Amino acid sequence: MSTRTGLPLAVLLSIPVVLPACGGAAPREPSRAPAHAAHADASQGVARIRADAPKLAPLVHSDLARRFLAAAPSLPAIAPRTLYRDAEKKRVVDAEGLSRVPDRDAFKPLPVDEEFYYNTRYGSPLAYTRALDILGEAGATLPPGSRFFDFGYGGAGHLRMLASLGVHAVGVDVDPLLPVLYGAPGDQGVIPGLSGAAGSLRLLSGSFPGDPEIRAAAAGPFDVIVSKNVLKKGYIHPDRPADESKLIRLGVDDAAFLGAVFERLRPGGFFLVYNICPAPTPPDKPFVPWSDGRSPFPREAFAAAGFEVREFDRDDTEAIRAIGRVLGWDQGEDAMDLQNDLSVLYTLVVRPPG
C-alpha cells in the first residue's frame, strides 16, 4: 500500500518522527496536516501543488497569500534520489555520506521522490496559505528583501515559494532527515525571483535558541517569525501525564525563548503560533500531546517579553476546514473527519514599532 507521498506505507512509517527532548521541531504528530489523502486526479509532487494553488485562491483575503499561491509554479521538478538511514533511525546520509561511514552496512536505502521532497510527513506546502493569510490581513507584506523565520519548518516547499518572491527565508528543525533531504546542490542558497529580485533559502539543523551556533545563524532581524504545529501547550506544558518521548523541551525557560524571538524581530515584526490539531483528547483516554494546540505561553508571558498581543488562542477551525477540503484531507482511505476531528488555534503577537 502506498501513501500520497509516493513511498510505500511501511517505508514512510519507518522514518523516525520521535526524537529525544529538544529545542527544534520534533517530536511531532505523524502529520502536521494530512499528507495521505488522494484527490480524484493522480497528480503528485509539483503538478499537484500547481493544480491546487488556484483552487485555494478564492479562500484567501490578503495580497500576501495571493502572492504565495502564485509562486507555486516556481517550484522546480525534483529527480528521485536515494538516502540511507541506519537501523536505529537516528542517522540519515546521502550516497556520498554513506561512503564515509565505517558501519555502512547498518544503513538501508530510503528512496525519495518529488512528492516526499515537497510534502515530507506533513502535507502540502500550500497548507501554509492560511497562516500567511492571517499575517497578510494583520499587515505583513513580505516584499522582496524581507526576512522570514520558521521555527520547526518540517519541509522546505513553502519556504522556497516565499524565497521565489524575493524573501530571505530561514528555517530551523532538529529532524536528522531534513539536512540530508535538502542537501543537494540547488536545494538551498539563492533562489531566482519571479519578479526579478532573487530571494534565498537557508535551513538550519539544531536547537533554537539553546544552541549558540544556531542562535548566531538565526540572528535576524526578521520581519515575520512563524511556528506551525510545534509550539503547542500539549507538547511544552501538558496539563495531563504524557509520554516524555512525545514532548518538546525547548532547552530554555519560557522567558528566554520568547526573549530570543523578540530580539530577532524587527520593530513592527510579527510572531505567529499556528496549531492544527485533532479533536481534544477525551478525559477518559490516554493524553495525545499534539491534540492540545493552545499557546504554551500565557498572554502575560508575551506581554512581559515586550510583545503586543493581537490575538490569543483564536479559533480558526472553519478556515482550515475549507482549505482541507480543497487539499483533499477528507478524501482517500485515511480520510480525516474535518467536522469532528479537527481543531485550530492561533496566537499572533507583534514587536511594537519604535
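Q: How many bridges join E10 to strand E11 (residues 343–350), and what makes the two a pair?
A: Five bridges join E10 to E11, and the two strands run antiparallel; strands pair if DSSP finds at least two bridges between them, so E10 and E11 count as paired. Strands here are DSSP runs (E, at least two residues) and helices are DSSP runs of H or I with at least four residues, both numbered from the N terminus. Asp-315 stands opposite Leu-345 in E11.

Q: What kind of model is this, and which residues count?
A: The model is predicted: local features need pLDDT of at least 70 and side-chain atom pairs count only at pLDDT 80 or more, while totals for chains, interfaces and linings use all residues. Residues are numbered from 1 along each chain as its sequence is written, and side-chain values use heavy atoms, with hydrogens and water left out.

Q: Which strands of the open eight-stranded sheet are called edge strands?
A: The order is E6-E7-E5-E4-E8-E9-E11-E10, with mixed pairing. Strand E6 (189–191) and strand E10 (308–315) are the edge strands, since each pairs on one side only.

Q: Why is one side of E2 and of E3 left without a neighbour in the sheet?
A: The open three-stranded sheet has the order E2-E1-E3, with antiparallel pairing. Strand E2 (92–93) and strand E3 (107–112) stand at its edges, each with a single partner strand, so one side of each lacks a neighbour.

Q: What makes E1 and E3 a pair?
A: Strand E1 (residues 81–86) and E3 pair in the antiparallel sense over six bridges, and within E3 the bridge partner of Arg-81 is Val-112.
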